[in-house]
Amino acid sequence: MSSFTDAARLGNTGAVVASCLDAGRPALVGYLPVGYPSVAQSMEAFRAVVEGEDGRGADIVEIGIPYSDPLMDGLVIQHATVKARARGVHTRDAFTAAETVAATGAAPMVMTYWNLIEAYGPDRFARDLASAGGRGVITPDLPPDDCPEWFEASDAHSLDRVFLIAPSSTDERIALTMGSCRGWVYATSVMGVTGARSATSDAAPVIVGRARAIDPTIPVGIGLGVSNGAQAAEIGGYADLVIVGSALLKCLDSDGADMPGDLRRLRALSGELAAGVASARP
Amino acid sequence: MSLPTDTGHFGQFGGRFVPEALQAALAELTEAFDAAWADPSYHAELEKLQRDYSGRPTPITVAENFSRQCGNATILLKREDLNHTGAHKINNVLGQALLTKRMGKTRVIAETGAGQHGVATATAAALLGLECRVYMGEVDTQRQALNVARMQLLGAEVYAVAAGSRTLKDAMNEAMRDWVTTVEDTHYLIGTVGGPHPFPYLVRELQRVISTEARRQMIAEHGGLPDYVAACVGGGSNAIGMFYDFIEDPSVGLYGFEAEGEGISTGRHAATITAGSPGVLHGARTYVLQDEEGQTIESHSISAGLDYPGVGPEHAWLATTGRAVYEPVTDADAMDAFKQLTRTEGIIPAIESAHAVAGAKRLGLRLAQENPDLHPKILVCLSGRGDKDVATAFDWFGLPGVPDKTVGGLE
C-alpha cells in the first residue's frame with residue numbers, strides 16, 4: 001500500500017499516483033502543448049500519449065497552454081508553442097484537450113503560465129477546466145505565497161494545484177510550497193529550462209529526499225530532462241511521478257506533415273516510458 | 001509607507017512571478033543588496049566610480065534656444081547623456097557589478113534594447129573582470145549595430161535572439177532562461193526597473209542618484225525646485241531615477257512620456273500605461289500590452305530602448321495613484337524634437353530621450369495656453385546621447401549620407 005493516505009492532501013491526481021504506487025510502480029506524466037501541430041492534431045497526440053502502443057501510456061497528462069513569454073521552456077517546447085500560437089490556438093482549446101484526455105481515462109491537468117489564468121479570470125478558468133474533466137493545474141511561475149485568488153478558485157472547483165520546487169529551494173520554501181500543493185509537488189531535477197537530456201541529474205534523488213523529509217503527505221514528481229524508458233525506470237525508482245515533456249514533443253517533429261508517423265513514434269515512446277516506470281520497482 | 005513592501009509589492013503591482021529555481025537567487029540578491037546598501041564601504045566604492053569613472057555629477061543645462069519653442073516654459077536638461085558610455089544606464093550597472101563581486105559571482109548576463117545597457121554592462125564587466133554575455137533582439141542588433149560592435153570590443157559576447165518579436169522583450173526571456181541554468185555563478189544584471197523583486201527596487205535605488213543630484217542642483221543653482229519633471233518611459237529606469245526624490249515634493253508635477261509609435265489606434269506602439277492593462281510579465285505584475293487572453297502583444301517604437309510591452313511596477317503604481325502622469329509621444333513627434341534639440345542646442349539626444357523632450361515641449365505649449373502668466377520650469381531627463389541612433393535618424397530624415405559639396409579639387 002502507498003504511504004499516501006490523506007485524501008484531502010491527495011486531491012484528484014495524488015489519488016491517481018497513490019493507486020499507481022499501490023500497483024507497485026510510480027505514475028507516468030506526459031506533457032504536450034495544445035495546438036501543435038494543430039489544435040485537432042494535438043488531440044490525436046494527447047490520445048496517443050495515454051494509449052501508447054498497447055493501451056499502456058501516461059497516467060496523467062499535462063496539457064500545456066502556449067504562451068508568448070515562456071520563461072521556463074527550452075527550445076523544443078518554445079518552437080512548438082510559437083507555431084501553435086501562430087496557427088490560432090486559444091486558452092479555451094485546453095478545455096477541449098481536457099475533455100479528450102478525460103475520455104481516455106487518464107487524468108488531465110493543465111500546465112500554464114499564470115498570466116493566461118489571470119486574463120481568463122481565475123474562478124472562471126477553474127470552473128471551465130473542472131467542467132471539462134480537468135483535475136488540476138500546474139503553475140510554473142506562480143509563487144505559492146502570492147496567489148490567494150488561486151487558492152480560492154482551485155478550492156471552489158476542487159482542482160488540484162501543483163507548484164514547483166527546485167534544487168536551489170531552501171527547506172523553508174519547500175515546506176511552504178508543498179504545504180500549498182494539493183495532489184503532488186513538481187520537483188525540477190536540474191537548474192534549467194525544459195528539454196530532454198542524455199543523462200539524469202544527480203540532483204534529482206537529492207531533491208526528492210529533501211521533499212519527502214519535509215512533507216511526507218503528498219507524492220513528489222520529477223521533471224525536466226527525462227527522455228527514455230531507462231531514465232524513466234531509474235527516476236521511477238525513487239520518485240512518485242516521472243514527468244516527460246520535450247522528448248514526447250520531439251516525436252511530432254514533422255510539424256504535422258507526417259502525422260501517422262508522428263503518432264507511431266509518440267505511441268512507441270509513451271509505451272517505452274510506461275514500461276520503464278513499470279519496471280522501476282522490481 | 002515606503003515601497004516596495006518586503007515582498008516586493010507596490011500596491012497590487014510587483015511581486016516575484018518566476019520559476020522556483022530563481023526564488024533562492026532573488027532572496028540572495030535581496031539580502032546582498034540590503035547588506036551592501038547598509039555598508040559605507042559599498043557606497044564609498046560606488047561613489048568613487050561614479051565620480052572618477054562615470055563623470056558624476058552630471059550637469060543641468062538650460063536649453064535656452066529650444067525653450068523658445070515651448071511656450072513660456074524654461075526647459076532644463078539633466079545631462080545623463082554625459083555619463084561614461086553615454087547614458088544613465090551606467091549608474092545602475094556600476095552598482096550591480098560591484099554587487100556581483102560581493103556575491104562572489106564571476107559572470108554577468110544582461111538584456112538590452114538600444115544597446116546602452118548592454119554597453120554599460122560590458123564596460124563594467126571589463127573594468128571589474130567579469131565574464132559577460134548580452135542578449136539582444138535580432139531586430140535590435142540590426143538597428144543598433146554600432147552598440148553591438150562596442151560591446152564586442154569590450155569583450156562581451158552578444159547573442160541575437162531570434163524568437164518572438166526579436167526585440168527587448170524576447171532578449172529578457174532569453175536572459176531569464178540563461179539565468180535559471182547558471183544562477184550559481186551568474187548575476188542577471190537587469191537594466192530596468194522591471195522584473196521580479198528586488199530588481200524594481202534595487203535599480204530604482206541605483207538610479208535615484210539622478211534626482212538626488214538634480215534636486216540639489218535645482219535648489220542651489222536654478223532658483224528652487226522645478227515645476228515639472230519629465231522623462232521617457234520604456235521599462236522606466238531613467239524615469240524612476242529622475243522622479244524619485246521629487247515624489248515627496250507636492251509642487252512638482254511628474255510626467256512620464258511613453259512611446260506611441262505610429263499611434264495608439266494603429267496598434268503599433270509601446271504605450272504600456274496608456275493603452276495596456278494589469279497583468280504579469282517578466283516576473284512582476286504591472287501594466288502590460290496584452291490581448292484578451294493574456295498573450296503579450298508585440299510593441300513598436302522607433303526607439304529600440306522604449307520598444308517594450310511592459311513597464312516597471314512602480315510606474316504602474318505611480319500612475320494608479322495619480323502621483324505621476326503618463327502620456328504617449330509618437331515616433332514623428334519624438335523625431336521632430338530630436339532634430340529641434342540638435343539644431344537649437346547642439347545636443348543630439350538618444351531617440352528615447354527625444355520622447356521626453358517632445359513631451360516637455362507639448363507640456364510647455366499646453367501650459368502657456370492654459371495660463372499665459374505662468375513661466376514654468378520643466379526639468380527633463382536627457383537620459384542618453386544619440387550617437388547610437390544616427391543610422392535610424394538618417395533613414396527617418398532621408399539624409400543623403402554624402403558631403404553636400406566637393407571643393408578644392410584640381411582640374
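I started with the UniProt record, an unreviewed entry, which puts the feature "active site" at A:E62 and A:D73; such annotations may be inferred rather than shown by experiment. This is a predicted model, where local features need pLDDT of at least 70 and side-chain atom pairs pLDDT 80 or more, while totals for chains, interfaces and linings use all residues. Residues count from 1 along each chain as its sequence is written, chains are lettered from A in the order written, and side-chain values use heavy atoms, without hydrogens or water.

**A:E62.** I found A:E62 in strand β2 of chain A, residues 60-64 (strands are DSSP E runs of at least two, helices H or I runs of at least four). A:E62 is buried, because its relative accessibility is 1% (buried is under 20%, exposed over 50%, partly exposed in between, with a 1.4 Å probe and protein chains only). Beyond four places in sequence, I listed its contacts (heavy atoms within 4.5 Å); among them are A:Y31, A:F46, A:M109, A:Y186 and A:I243.

**A:D73.** I placed A:D73 in the loop between β2 and α4 (75-86) of chain A. At 9% relative accessible area, A:D73 is buried too. Its side chain makes a polar contact of 3.2 Å with that of A:Y113 (N or O atoms within 3.5 Å, one able to donate a hydrogen and the other to accept it).

**Over to chain B.** I noted a nonpolar surface patch of B:V390, B:F394 and B:L399, with about 230 Å² accessible together (patch residues have over 30% relative accessible area and no salt bridge, and nonpolar side chains are joined within 5 Å). B:F394 sits in helix α16, residues 390-397, and is partly exposed at 33%.

Note on methods
Patches are made of residues with over 30% relative accessible area and no salt bridge: like charges are joined within 9 Å, nonpolar side chains (Val, Leu, Ile, Met, Phe, Trp, Tyr) within 5 Å. Accessible areas come from the Shrake-Rupley method with a 1.4 Å probe; for residues, only the protein chains shown count as cover. A salt bridge is a side-chain nitrogen of Lys or Arg within 4 Å of a carboxyl oxygen of Asp or Glu.
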